[in-house]
Amino acid sequence: MLKISEVENFGAIDADADELLRECFQNHPAYIAAKENKKFLILGRKGSGKTAIFKRFLTERGAHEFAYGHSFDDYPWQHHDLQAQTGVPEERRYFHSWKYLSLMGLAKILLNLDQSQPWSDDSFESVQALEDFVVDSYGSRDPDVRQLFSPEKELRFKGTLKIPYLEISGERVRVRELPPHIQEVNQAIQEHVLRSLNPDNSYYICFDQLDLGFVKSEAAYSQRLIGLILAARDLFLAARSRGKKLNVVVFLRDDIYQDLQFEDKNKITENFSEFVEWHESSGGLTLKGLMESRFSRVLGDDAGPFVGWESVFDESREMPSRQTKYRHICDRTFLRPRDIIKFCNEILKQYKGSGSADQFDNQVVHEARSGYSDYLLNELDDEIAKHVPQYKEYLEVVKELGSLQFSLENFATAWSRRPSLLGIEPVSALGQLFEFSVVGYLKPGGRGGGSEYVWRYRDPRARFNSSSEVFRVHPGFKEALDLLTGRS
């Protein structure tokens, strides 16, 4: 077993940079639900592990599993506006352009990766029809998906693209505006794709990084996302009805999803969505288990591959708050993998500079809190800024109070001293901060029960109580906002 001081880090907070991600991946229930074609919409906070699951789909290799992934650079954002249909409900304006992109991804899999094709006599004609369409339109069996909506390209319907009772032939149409009959084009391609899918194989089209460039005030952005969700559901259900294992998996931040308004949203939420969440000690995957897999990878050896939490952290002494170090750390996270990885990396940094014992002790955990708190505040900026543009002014009010716990009355008094905020109700601002788990509110205990704080990150279904009188700032922000533990 290596010494802790010999370890460089316990991984990166960004899935793209995390060299341990593949070896230390854990089968989260959200991953399993998508993998088994039970759910197609994967929701979670920024940093909860959505991209890790996305990458797992793309890197897994199996003779009967195929995946194609789209990320931010692939999305034809500027061309979606050219495809927007008029005269249809707003949420369906981008439905067909997303469906076309998904179907082309499936065509690329069928023509270039799936060696079982054609798997039957019935699929032979459909695979040939797809090849004719793709090659005639793009000059290759494997076109660059980023060029599918390029204004310089043309769709060339040489010969015919047939399905029963429908024939589209002899047309030459600029792609910058999808054909007036794009619905029929999609129907034809979809029929051939569904016929071609081998029922013994599993196929996945995955969409990630949909939040990059997100602007809440841009209505078209919300309409595009809704169009993707509806198109994914349509293909998901169409494949299921034909006995084919196809999932169009959409990874989306839950705070963005909350802002979307469209018909059947509740049905999709209840029946087809899964939330990526982690736990402290019970129920599903835990942050301790996540870190133990990383400790084992970087510290373990062939003789003893498993390295438990207590081998790295000295839990023989409680923290001053009478907590274990694990609980102390978890309380300062949003229960996300990136949070605990970052905290442990900060502890490792302090440990290397302290010359202390063989394990992480109370001192290095305490000294790591400042660097971690700055990180958490920076992470918040990425997540909240586009939703609550004035949030930094809200935090200045919190800093003025100087305490983790405060009353609505004191908050409103400090609020009234800031002219730039006079047009906003203080309780409304607290509601916005609650949505991003910056603050929690005190919920009085019921009969025989004690009071407790309600946090959005601990309960995704929790809603703000505007009649609350006592609030608490998330402990992870304590050092960054220079707050005391007491009450104001």
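The model is a predicted one, in which local features need pLDDT of at least 70 and side-chain atom pairs count only at pLDDT 80 or more, while totals for chains, interfaces and linings use all residues. Residues are numbered from 1 along each chain as its sequence is written, and side-chain values use heavy atoms, with hydrogens and water left out.

Rings of Phe, Tyr and Trp (its six-membered ring) pair if their centres lie within 6.5 Å; planes under 30 degrees apart count as stacked, over 60 as edge-to-face and the rest as tilted. By this rule there are 29 aromatic pairs. Phe66 and Tyr203 form a stacked pair, with 5.7 Å centre to centre and 20° between the planes. Phe66 belongs to strand β2 (residues 65–70) and Tyr203 to strand β7 (residues 202–207), so the pair ties together parts 137 residues apart in sequence. Helices (H or I, at least four residues) and strands (E, at least two) are DSSP runs, numbered from the N terminus.

Phe343 and Tyr372 are also stacked, at 4.4 Å centre to centre and 20° between the planes. Phe343 lies in helix α14 (residues 337–354) and Tyr372 in helix α15, 29 residues apart.
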